[in-house]
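Here are my notes on this model. Keep the structure open and follow each point in turn.

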Amino acid sequence: MDATHKFVCQDDLANPLAAMAVQVSCILVISHFFHILLKALGQPGPIAQILAGLVLGPSGLCNIKKVKHYFLPPSAAQYYEMFGFFCRILFMFLFGLEVDIAFIRRNLRVVCILACGGASVGAIFGLVSSFFLREYFLEKSLGKANYVIAMMLFVAYSATPVVNRLAAELRFATSDIGRLAVSSALVIELTCLLIFNFMILCTSGKMVGNAFLVLVGLVLVLVAFRYMATWLNKRINNHKYLRNPEVFIILSILIATSMLIELANFNSIIACFLAGMAFPKEGKTARTLLHKLTYSVHNFVLPIYFGYIGFQFDGTYFSNMSNILIVLVLVLLCICSKIGGVLAVCHYLKIPFSEGVFLAFVLNLKGHADLLFIGTAAKKLFEWTPMAYNLLVMTVVISTVISGPMVAILMKKEYQLFAHTHTTLSTELEKPENELRVLGCVYGPRQVNAILSVIATLRGPQTSPIMPYLAHLIELQKKRRTNVSYHELEDDEMSDEEEYGGNDVVEIHRAVDAFTVETSILINIIKTVSTLAGLYEDVCTAAEDLRTTIILLPFHKHQRIDGKMEIGKQAVRTTNQKILRHAPSTVGIIVEKGLAGSLGFSQLTRVDTVQHVATLFFGGPDDREAIAWSTRIANHTKINLTVIRFLPTESSNTRNMKVDSEKGNNDIEVFMALSSLEMGNDIDNSFLNDFYNGFVASGKVGYVEKYVNNGTETVAALRDIGDLYTLFIVGRGGRGHSPLTTQMSDWEECPELGTVGDLLASSDFNVSGSILVVQQHRHTKKDLIDD
């Protein structure tokens, strides 16, 4: 008998683990199949994964007795619950690492009002429904108040992981409405979890002491993570990522802390999220965690987790008409409460009706903490009936399966609502509080400092936030052949990541980390691997997905020690030209010249000297965009900006008025011809007039006018100021046939820089500063032809 008992215990241990492994494999395979089918219909991945669970669950293959006996042994529930616990730890920690706290802080009022509107009506509906469903759902008369609150939380809840994954799948996560939806869902989830934990806290007086210990322990862990991340960032400089043992230590501390919190009868979801949110974002430690967790969570953990939600769906309960009515009523309550509450607050916030409907269905997604409200965690408060758990799980699945496709349908119907708006800096200037998104591109470490210096100047005032991205463009090489066996490779050679970028990746990451420490600007690094012929498509696609306003490109030439410009790769020039033609936003090309080694513009963040910058204005949309660019950098403490306008000589007989610039160079006299604002193009004059009143009159920017007759005099004027500035900003073209630049294109080498930019970047033209050539987004083909 003892031997039989021992065999049963061993079988009871092995069978659920083997069943779970087979189940996980089946969910991944079936969900991939469903995803291929539903992707053509525009449906997101979580829906396919839930359907995969439905196929394997009691409503599908588990109707077969042998399959049910294998997948659902008596002890399977505990193993599945433990697996879900580890899943929640990983994806909540990852979500904390990725959450955009700056956006929530800037839009805290709107986010909180939207969350309250979506949850409050749901809580009211849950309160009312709890009285009618009490005899079906509540096992005993004890814990009635906790049961009512649990029903309110269940109807009001929004699942942040599901919302976040759906936003990533449907590619609206970077849009303002997508970020608003994710932030509002986060506020709803954290509020519901806090209330649920407070309910547990109130069940026993001893829980107060446990809560205090949990809080102190969590603070200590957060402090330990901060010091550990700082130490690991400095520990190994010749690696771009941490080693696996170091990652294992960090995750082990996180899992151990979560288990201790669970042992104290509290939920660890909030703690995991706070650990990720408070984790230092700069350096290789956070970069490694994001790299390791993003792939595993998005491709394995979340699909399995969503599949397990569908696996719990038991359609056999639909044999009873009353059960069908209960589920139908709950689903309608969840959907109607979100639509009613969200539309009411959207009307108050003056958010369009179409956006309100979209937000309502997004916030109706469920399938995370609501499973805790109806699962074993709720047993400390009251007892659900066996039927209640299954009906509520079915409500979760049906609500999510309805809301997900509805979100996809609304996105197709309101495509313009989520499409990237092709904005320019000139239009963004009218709304300085809007976030400026910048995509800088580099091919190697040589161009990093110049790109980062431009990003630093674009930061602007605190009321004008910036979201910078740095794309490492890597040429896809042909497959390398080697005679070395796999076991003879070094550790770094075994990594697929090291195949692309080599040591350049380490140097780029090191420069970005140093830049973040010096400026407190967090750079999001992305990698693009493609053939040189297809790199421009990847850059333009990334700009569309990230909804960037500016694309920064390096010039294909670099300056040698003797001052001559040397060509690096001709394919880089071709890529730049294609990006200029197809870019969905403003494009800037930075040419490094002059004192790049010690005191030049590329060393802006590393030296304390003030950089003198000149914006050249001849007229046209690109020069207006250069002026708009200048309004961002004028607020930088290390920038002394001067706008130089070139005008025909006949306007020089107008009355000049001398203006003393408070921020200008003492050796440079600043002149302003008020009557010259009435000369030339009306759009240029109006734009400059607004710029003068906002920046020049206040002393932030200097203003100089140069009077020339033709291109020869323009070249002479540019030579005179060539040694006065470390950076020249100029528009690429769009001036038409301007007499001020006639005959200058006769010796043009690089048309992608425009007439003036090509002259300044030429080896024969000696200037001591770098050149930034700006092209405004081309809205029509006519704009391209005019260039």
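1. The largest nonpolar core holds 113 residues, and Phe 137, Tyr 147, Phe 279 and Trp 384 touch the most other members. Helix 10 (residues 176-201) gives the largest share of this core, twelve residues. A second, separate core has 50 residues, including Ala 471, Tyr 536, Ala 583 and Leu 759.

2. Some terms. A nonpolar core is a set of buried Ala, Val, Leu, Ile, Met, Phe, Trp, Tyr and Cys residues joined through side-chain atoms within 4.5 Å. Buried means under 20% relative accessible area, exposed over 50%, partly exposed in between (1.4 Å probe, protein chains only). Helices (H or I, at least four residues) are DSSP runs, numbered from the N terminus.

3. This is a predicted model: local features need pLDDT of at least 70, side-chain atom pairs count only at pLDDT 80 or more, and totals for chains, interfaces and linings use all residues. Residues are numbered from 1 along each chain as its sequence is written, and side-chain values use heavy atoms, leaving out hydrogens and water.

4. Look at Trp 384. Not counting residues up to four places away in sequence, Trp 384 touches Phe 137, Tyr 147 and Leu 392, among others. Contact means heavy atoms within 4.5 Å.

5. Thr 395 sits in helix 18 (residues 386-413). Is Thr 395 buried or exposed? Thr 395 is buried, at 0% relative accessible area. Beyond its neighbours within four places in sequence, its contacts include Phe 154, Val 327 and Cys 334.

6. Ser 453 belongs to helix 21 (residues 448-457). Ser 453 counts as buried because its relative accessibility is 1%.

Methods:
Helix = DSSP H or I, 4+ residues; strand = E, 2+ residues; numbered from the N terminus.
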